Amino acid sequence: MDNDLAKLLRSVIREELEPVNERLERIETEQTGLKQEVQIVKQDQQTLKQDVHILKQDVHILKQDVQILKQDQELIKRAVLDTNERVIRMESILENQHRIIELLSARSIEQEALIKRIK
């Protein structure tokens, strides 16, 4: 009789604990899934950190390139201004030469006319 009672008690306890065991198994399964998701999030976070590091390096390089471009632009600006000054000087020289040529041409015509009168 003790054996039957023990079997009965075990059977009752199993029946009562079955929903608890099922619930524990679901919780363990969910916990395993959560651990996997946390691991994925950690890997994604690591990837993001690497990407941010690469982006920071790229930004640094771009800043250096912009600084170089600014310096080059300043040099080009100076060269353009210098060229403009030279062009203005050349125009002034050409105008003076043109006036001198016109003056010499007029004098040459005068001298030719004078020579013709003398002959």
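How many salt bridges does the structure hold? The structure holds three salt bridges, a salt bridge being a side-chain nitrogen of Lys or Arg within 4 Å of a carboxyl oxygen of Asp or Glu. This is a predicted model, in which local features need pLDDT of at least 70 and side-chain atom pairs count only at pLDDT 80 or more, while totals for chains, interfaces and linings use all residues. Residues are numbered from 1 along each chain as its sequence is written, and side-chain values use heavy atoms, with hydrogens and water left out.

**Overall form**

- The chain has one helix and zero strands; helices (H or I, at least four residues) and strands (E, at least two) are DSSP runs numbered from the N terminus.
- Along its principal axes, the C-alpha trace spans about 170 × 20 × 10 Å.
- The chain has a radius of gyration of 50 Å, whereas a compact globule of 119 residues would have one near 14 Å. The radius is taken over C-alpha atoms, and the globule rule is 2.2 Å times the number of residues to the power 0.38.

**Surface and charge**

- Of the 119 residues of the chain, 0% count as buried. Buried means under 20% relative accessible area, exposed means over 50%, and partly exposed lies in between (1.4 Å probe, protein chains only).
- The accessible surface of the chain comes to about 11,800 Å², and 58% of this belongs to carbon and sulfur atoms. Accessible areas come from the Shrake-Rupley method with a 1.4 Å probe; for residues, only the protein chains shown count as cover.
- The chain carries 20 positive and 23 negative charges, whose mean positions are 14 Å apart. Lys and Arg count as positive and Asp and Glu as negative, while His and the chain ends are not counted. The place of a charge is taken as NZ of Lys, CZ of Arg, CG of Asp or CD of Glu.

**Salt bridges**

- Side chains of opposite charge can pair when their charged atoms come close.
- Arg78 and Glu74 are joined by a salt bridge between their side chains (3.7 Å, N to O). Both residues lie in helix 1, four residues apart, about one turn of the helix. Arg78 counts as exposed because its relative accessibility is 53%, whereas Glu74 is partly exposed at 36%.
- Arg86 and Asp82 meet through their side chains in a salt bridge of 3.5 Å, N to O. This pair also lies in helix 1, with four residues, about one turn of the helix, between the positions of Arg86 and Asp82. Arg86 is partly exposed at 48% relative accessibility, and Asp82 is partly exposed with a relative accessible area of 31%.
- Arg99 forms a salt bridge with Glu95, and their closest N and O atoms are 4.0 Å apart. Arg99 and Glu95 are both in helix 1, four residues apart, about one turn of the helix. Arg99 is partly exposed, at 48% relative accessible area, and Glu95 counts as partly exposed at 48%.

**Surface patches**

- Patches are made of residues with over 30% relative accessible area and no salt bridge; like charges are joined within 9 Å, and nonpolar side chains (Val, Leu, Ile, Met, Phe, Trp, Tyr) within 5 Å.
- A negative surface patch consists of Glu15, Glu16, Glu18, Glu22, Glu25 and Glu28. One of these residues, Glu22, lies in helix 1 (residues 2-118), and Glu22 counts as partly exposed because its relative accessibility is 40%.
- A nonpolar surface patch is formed by Leu5, Leu8, Leu9, Val12, Ile13, Leu17, Val20, Leu24 and Ile27, which together have about 790 Å² of accessible area. Leu9 is placed in helix 1 and, at 48% relative accessibility, counts as partly exposed.
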